[in-house]
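Here is a short tour of one structure, taking in an annotated site and some aromatic pairs. Have the model open as you read.

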Amino acid sequence: MNPTKITVVGSINMDLVTGSPRFPKQGETLLGTSFNRFMGGKGANQAVAAARLGADVCMIGAVGNDGFGSELLAHLKQEGVDTAHVQTLSHLPTGMANITVAEGDNHIIVVSGANFGITPADIEACEARIAKSDVVLSQLEIPMECVITAAKLARKHGKPFVLNPAPARKLPAGLLELVTLLTPNAYELAISLGLPEDTPVETLIRQAGRPVLMTRGSEGVVYNDDNGTLHRQPSFKVTPVDTTGAGDTFNGAFAVFLHEGMATAVRKACAAAALSVTKAGAQGGMPTLAELEAFLAQQK
């Protein structure tokens, strides 16, 4: 069987990760416990997650003409990601994320840089690749117009368009209509729909008007089928080291296995996400296909 062809339209960042005994209060200075640099960006993370699981992955995005950009491009190529459609922009720096890891969780601030230098015309120039894809995957760390253009091209060629609506922003109604599947957490879905953050999960999913696959952290995921029935997949129990990138691993893995059906794809994506949090860095724990299969074989 040929590998799944996935096109990821999204961000490429350098992650600067600081470890801390706890999160600082407002105005407080703490002594950190560690500092590391990791390859990141939601788009690049999802591309690497899919590539490690055996998919044929093409990345559409941009980096700056700087050291971070060169390093990130080299890393993507090493991971087997096709970077032919990744631009190097001289007028903007490579995107970066400042991440604080503490108390088994993380706080993240993203500086977009070159990620916001791409245009709808750049996406249109990649139409031939999108037309050959089995799945088109995107997020919201690039201009909304570029996401919409990618969604329109996916629709034009009859390809599933999976949108991970993060960082959370209210989505234009026209974009929602083009989305095959939304993959938010509860907060992201509420913001995407312009609803209160405390809206019950079931209500949020019904209000979306689209198929939704909602990640719930340690509670697993919940999703609706074509009849509106809700289904739940429990999470897999592991000891977390760093939760950065768990959602991206989930999305990349889900895209790889979507052709196997929702229930199977969701279970495998949950397992991949669980493995990803057992090591430091957004991409550090992303499993290979062999590692994922071995982990699933150990589950009841």
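## A residue in a loop

Let's begin with T244, which sits in the loop that runs between β13 (230-233) and α9 (246-257). Helices (H or I, at least four residues) and strands (E, at least two) are DSSP runs, numbered from the N terminus. This is a predicted model, in which local features need pLDDT of at least 70 and side-chain atom pairs count only at pLDDT 80 or more, while totals for chains, interfaces and linings use all residues. Residues are numbered from 1 along each chain as its sequence is written, and side-chain values use heavy atoms, with hydrogens and water left out.

T244 has a relative accessibility of 6%, so it counts as buried (under 20% relative accessible area; exposed is over 50%, partly exposed in between, with a 1.4 Å probe and protein chains only). Setting aside neighbours within four places in sequence, its contacts (heavy atoms within 4.5 Å) are I99, V101, N106, I108, G281 and A282.

## The annotated binding site

An unreviewed UniProt entry gives the feature "binding site" at D242, T244, S276, K279 and G281. These positions span 40 residues in sequence, yet no two of their C-alpha atoms are more than 9.6 Å apart, so they gather at one spot. From this set, T244 is part of the lining of the largest pocket. UniProt positions are in the numbering used here, feature names are shortened, and annotations may be inferred rather than shown by experiment. A pocket here is an open set of points on a 1 Å grid over the protein atoms alone, where a 1.4 Å probe fits, with protein on both sides within 12 Å along at least five of seven lines; lining residues have an atom within 4 Å of a point.

K279 belongs to the loop between α10 (262-276) and α11 (289-297). K279 is partly exposed, at 45% relative accessible area. Beyond residues up to four places away in sequence, K279 touches V241, D242, G284 and G285.

## Aromatic pairs

How many aromatic pairs does a search of the whole structure find? There are two, counting rings of Phe, Tyr and Trp (its six-membered ring) with centres within 6.5 Å; planes under 30 degrees apart are stacked, over 60 edge-to-face, and the rest tilted. F236 and F295 pair edge-to-face, at 5.7 Å centre to centre and 65° between the planes. This pair links distant parts of the chain, with F236 in the loop between β13 and α9 and F295 in helix α11, 59 residues apart. F236 and F295 are both buried.

F250 and F254 form a stacked pair, 6.4 Å centre to centre with 5° between the planes. They lie four residues apart in helix α9, so about one helical turn separates them. F250 and F254 are both buried.
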